[in-house]
Amino acid sequence: MTTPPRRSNNYHPACEAAVNHQIHLELYVIYVYKSMASYFEKNMALKYVGQFLLTQSALLKEHVEELIRLQNQRSGQTRQYDGNINRPDYNYWDSSLKALDHALDLAINVNQNLLYIHQLAMEKKDARLADFLEDSTLYNQVKSIEELRGHLSTFPMYPRNPEESLTENLLDKLSLDDKKN
């Protein structure tokens, strides 16, 4: 008979639950980013917006995997969310600006939740969790937010005519195609 894994003495249940919530939140954001990317690559021919969002999705996937590893190392329970991730709010985007603006809102939400977990870890005297967040997540999330803001600043507000739509396509190519393979 196997015994259940022992919980680390200094891993507070509230911290464990908060990390599980973060995993779920980031899985949702990955789902939204992939939905956006698919839309722009197929429906709008803005492939670099799509590629950028896929890159952001891949970075979040790596982060989710790190959070799951952290839960395993701390002998915490990683709650599986099979089929319980909400569908994206939208499947149609009027412009890449609206999509990137929504992506920015999601990234800020992820960052705010990370800051909440960091504060909780400090309150519960969980230095290991606080260090993990400082070393591997908070900086990367802020970097992602800054990158999204940078791209948003180059796009026209809302294409109202064919010239602005052309501008959006050019900015897709020139602004987001800066990571050539």
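**Lys-125**

I looked up Lys-125 first. Lys-125 counts as exposed because its relative accessibility is 71%. The classes I use are buried for under 20% relative accessible area, exposed for over 50%, and partly exposed in between, with a 1.4 Å probe and protein chains only. Lys-125 is found in the loop between α3 (96-123) and α4 (127-154). Its phi is near 60°, a positive value in a residue other than glycine.

**Ground rules**

I note that this is a predicted model, where local features need pLDDT of at least 70 and side-chain atom pairs count only at pLDDT 80 or more, while totals for chains, interfaces and linings use all residues. Residues are numbered from 1 along each chain as its sequence is written, and side-chain values use heavy atoms, with hydrogens and water left out.

**Fold**

I found five helices and zero strands in the chain. Helices (H or I, at least four residues) and strands (E, at least two) are DSSP runs, numbered from the N terminus. Along the sequence the pattern reads α-α-α-α-α. Of the 181 residues in the chain, 45% are buried. I also checked contacts, meaning heavy atoms within 4.5 Å. Among those with a separation of 6 or more, 78% join residues 24 or more positions apart.

**Helix α4**

I checked the span of α4. Its 28 residues reach 40 Å from first C-alpha to last, close to the 40 Å expected at 1.5 Å a residue. The expected span is 1.5 Å times one less than the number of residues. There is still a kink of about 45° in α4, centred on Glu-134. The bend is the angle between axes fitted to the seven residues ending at a residue and the seven starting there.

His-118, in helix α3, touches Glu-134, along with Ala-130, Leu-133 and Leu-138, not counting residues up to four places away in sequence. His-118 counts as buried because its relative accessible area is 16%.

**Core**

I next asked for the largest nonpolar core. It has 44 residues, and those with the most contacts inside it include Val-29, Tyr-33, Phe-40 and Leu-53. Such a core is a set of buried Ala, Val, Leu, Ile, Met, Phe, Trp, Tyr and Cys residues joined through side-chain atoms within 4.5 Å. Two or more residues come from each of α1 (13-42), α2 (47-73), α3 and α4. The largest share, 14 residues, comes from α1. Leaving aside neighbours within four places in sequence, Leu-53 is in contact with Tyr-33, Met-36, Ala-37, Phe-40, Leu-100 and Ala-103.

Ile-23 lies in helix α1. Ile-23 counts as buried because its relative accessibility is 2%. The C-alpha atoms of Ile-23 and Leu-60 are separated by 9.7 Å, at 37 residues apart along the chain.

Glu-41 is also in helix α1. Glu-41 is partly exposed, with a relative accessible area of 35%. Glu-41 and Gln-51 are 10 residues apart in sequence and 7.9 Å apart in space, C-alpha to C-alpha. Beyond four places in sequence, Glu-41 touches Leu-46, Lys-47, Gly-50, Gln-51 and Leu-54.

Of its 19 lining residues, the closest to the centre are Leu-59, Leu-60, Asn-140, Gln-141 and Ser-144. α1, α2, α3 and α4 each give two or more residues to the lining. A pocket is an open set of points on a 1 Å grid over the protein atoms alone, where a 1.4 Å probe fits, with protein on both sides within 12 Å along at least five of seven lines; lining residues have an atom within 4 Å of a point.
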